[in-house]
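This briefing is for a reader new to the structure shown below. It starts with one question and then goes topic by topic.

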Amino acid sequence: MRLPKYKSPKSCGGADSYYRRAQVPHYRDVEGRRVDYEDMTKDQVREYYEGFDENEKDMNFKDWR
C-alpha cells in the first residue's frame, strides 16, 4: 500500500480553500498521517491559515461544472 506524501499545513489550507471546504487546520506528516489542530504548533496553524487566505485572495477555486 502506498502512503500519501507529506502535505504541509500551507498546502492543506490552500487545498481546503480550493475545494471550498471549511477552515479546519491540519496537515499530513511524513508517514501520511493526518495531524489535527490540537497537535499542531502555533506556527503550523499560522501556515495553514496563510495557505487558505492566499488561495482565497487568488480566487482559485474548483469549478464543479
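Which residues are linked in a network of salt bridges? They are K10, D43, R46, E50 and E54. A salt bridge here is a side-chain nitrogen of Lys or Arg within 4 Å of a carboxyl oxygen of Asp or Glu. The model is predicted, so local features need pLDDT of at least 70 and side-chain atom pairs count only at pLDDT 80 or more, while totals for chains, interfaces and linings use all residues. Residues are numbered from 1 along each chain as its sequence is written, and side-chain values use heavy atoms, with hydrogens and water left out.

**Overall layout**

- The chain has 2 helices and 2 strands, in the order α-β-β-α from the N terminus. Helices (H or I, at least four residues) and strands (E, at least two) are DSSP runs, numbered from the N terminus.
- The C-alpha trace spans about 35 × 30 × 15 Å along its principal axes.
- Of the 65 residues in the chain, 31% are buried. Buried means under 20% relative accessible area, exposed over 50%, and partly exposed in between, with a 1.4 Å probe and protein chains only.
- Among contacts with a separation of 6 or more, 53% join residues 24 or more positions apart. A contact means heavy atoms within 4.5 Å.

- The largest nonpolar core has 7 residues: C12, Y27, V35, M40, V45, Y48 and F52. Helix α2 gives the largest share of this core, 3 residues. Such a core is a set of buried Ala, Val, Leu, Ile, Met, Phe, Trp, Tyr and Cys residues joined through side-chain atoms within 4.5 Å.
- In soluble globular proteins, nonpolar side chains tend to be buried together.
- Leaving out residues up to four places away in sequence, M40 touches P9, P25, H26, Y27, V35, V45 and Y48.
- Helix α1 (residues 9-18) has P9, C12, G13, G14, D16 and S17 as its buried residues. Their cover includes β1 (26-28) and α2.
- N55 sits in helix α2 (residues 42-58) and is buried, at 10% relative accessible area. Residues up to four places away aside, N55 touches G14, S17, Y18, N60 and F61.

**Charges and salt bridges**

- The whole structure holds 9 salt bridges.
- One of them joins the side chains of R20 and E56, at 3.2 Å from N to O. R20 lies in the loop between α1 and β1 and E56 in helix α2, so this pair ties together parts 36 residues apart in sequence. E56 is partly exposed, at 29% relative accessibility.
- D29 pairs with R33 in a salt bridge, with the closest N and O atoms 3.2 Å apart. D29 is buried, with a relative accessible area of 16%.
- D36 and R34 form another salt bridge, with the closest N and O atoms 2.6 Å apart. D36 is partly exposed at 27% relative accessibility, and R34 is partly exposed with a relative accessible area of 39%.

**An exposed loop residue**

- Is V30 buried or exposed? V30 counts as exposed because its relative accessibility is 68%.
- V30 is in the loop between β1 and β2 (34-36).
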